[in-house]
Amino acid sequence: MHATIQKPMKDILATLKPGEKVFVFGCGNCAMKCHSGGPEETERMVERLRKQEVDVTGSACSPDGASLCKLSLAKEMVEEHRAEVDAADSFLVLACGQGFHTVVDATDGGLVHPGCDTVFGGETVRPDLINEYCSLCGECIAETTGGLCPLTLCAKGLLNGPCGGSKDGKCEADTNRDCGWVLIYERLKALGRLENLEAYAEPKNFAKWSRLRSLDVGPMEATFHSLAGSHTVSQED
Amino acid sequence: MSRLRKALETGGFPVTSEIGPPKGTRVDHVLEEASKLKDKVAAVNVTDLQSAVMRVGSLVMCIRLKEMGVEPVLQVTCRDRNRISLQSELLSADVMGVENVLCLTGDHIVLGDHQEARPVFDLDSVQLLKAVEILNGGHDLAGHELEGAPNLFAGAVTTPEFEPMDLQLLKMKKKIDAGAKFFQTQAVYDTEKFKAFMDRVSGWNVPVMAGLVLLKSPGMAKFMNKNVAGVFVPDNLIEEIKKTPKADRKKKAAEIAARIIREVRPYCQGIHLMPLEWDEVVPDIIEQAELQ
């Protein structure tokens, strides 16, 4: 799930020129969970903009549980609101960067204002708390660390941790946070797999994490393209 | 062969000291103070942008120390440079006759004075040690052959008071397997804990130099407790310094350091002093601790 937080209103207003007509898009999936761009927030944003005398032509939010970042869905939403979309000079998107770009595509290169900052990939631990557990690095190693990703839970992203700055089980960079490597150690100890920590972890292949990347998908086979090359995985065995 | 290496390999119980380069180009004072220790210590460490504060680089200061007849220990961290740049730095060190290298992770960016900078950590300290070993063997990390291999003497850091201890030991063993030939520890203040630690590691037969940070003032000790990674000064020592009049603080710092050294000496293979600019106290410590 892509966690998002709205940009402050003054920053959003600063991107709008006088007289600019705006259509607002929201997302009924991740942004709804984050209360940054679900149906309520989208409607509220329309009211808030109109209160600031912004000409809002209309709004649309993807259905509950459906992601804005699916181009075919975004295109349907555009069609359903064709008149309002055509009347708009620009589109304010209350969703993650993926949703934002889908609107660029769905409006054939329309002028899109990001209404949110996309902060991380997260787990909805509770309705009021989203924690980051994955850094979308392209090569998962959590198998060796009991399911806890060191790139995400260690402030330095160490693969052979911990560092010497960990104190009382807390992280040197943020003493309110647990040291990721102490968490990994405790988890592996509980699982009876501490020997995993004895093996030397090789340096990460950053070519799988750095841009540029893409994914071809099919029902039985997928290919991940990155600067490390292309690799195909089949489910036929 | 480096003087430090020889001393450690022959059980010579060497003492090393440490300097931190300044934030700016006026380096003479720091070098002057270090050069006074020329015949008193086996080598002097130069920190690598310690505390993530931008300053003059370690290698340049190491070269200047060598020119003054002081043997340097180049500290290299993983915070600011990727594997290409790190390997390059190691080759450059060898080209300039710097043999001793201490491989560290590096303090996090947020502890320093450029908090918006991007942390690198392309390698961690274990991988950096491995890189030294691979370079020494005539190849680079990507497997290419070198036109001339370095001959670096690699060390690492360990924290005797780390909790959980087992996790620290797991990492220390990994560092040894990756090529660490000696260790300098984070500051030691509790002899019992240090002894217990050394009991666990002495079987690995890699020399350990006990680290000591000079206690300059109660404020500084408390600051370190709060902000400096891996250091913990116990209350009784803070009290002892607090009770000492300011005019006598340098003497007291030397006395405390010498006392700790005498206590830990039977359990380790050398001493690493971190005088934090009180370099002039070092000869006094060496004398009081009977280390010459």
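In the predicted model, A:Pro162 is found in the loop between helix 7 (150-153) and helix 8 (180-191) of chain A, where helices (H or I, at least four residues) and strands (E, at least two) are DSSP runs numbered from the N terminus. The peptide bond that leads from A:Gly161 to A:Pro162 is cis, with omega near 0°. In chain B, B:Glu163 and B:Pro164 are likewise joined by a cis peptide bond, with omega about 0°; B:Pro164 is found in the loop between strand 5 (153-158) and helix 6.

Residues are numbered from 1 along each chain as its sequence is written, and chains are lettered from A and ligands numbered from 1 in the order in which they are written. As the model is predicted, local features need pLDDT of at least 70 and side-chain atom pairs count only at pLDDT 80 or more, whereas totals for chains, interfaces and linings use all residues.

Positive phi values also occur in residues other than glycine. For A:His35, phi is near 55°; this residue lies in the loop between helix 2 (30-33) and helix 3 (39-51) of chain A. For B:Phe121, in the loop between strand 4 (100-104) and helix 5 of chain B, phi is near 50°. A residue is buried if 20 or more other C-beta atoms, placed from the backbone, lie within 10 Å of its own, exposed if 12 or fewer, and partly exposed in between. A:His35 is therefore partly exposed, with 15 such atoms within 10 Å, and B:Phe121 is buried, with 27 inside 10 Å.

The contact between the chains (C-beta atoms, placed from the backbone, within 7 Å) takes 25 residues from chain B and 20 residues from chain A. Helix 6 of chain B gives the most to the side of chain B that touches chain A, with 5 residues.

Conventions
Contact = placed C-beta atoms within 7 Å.
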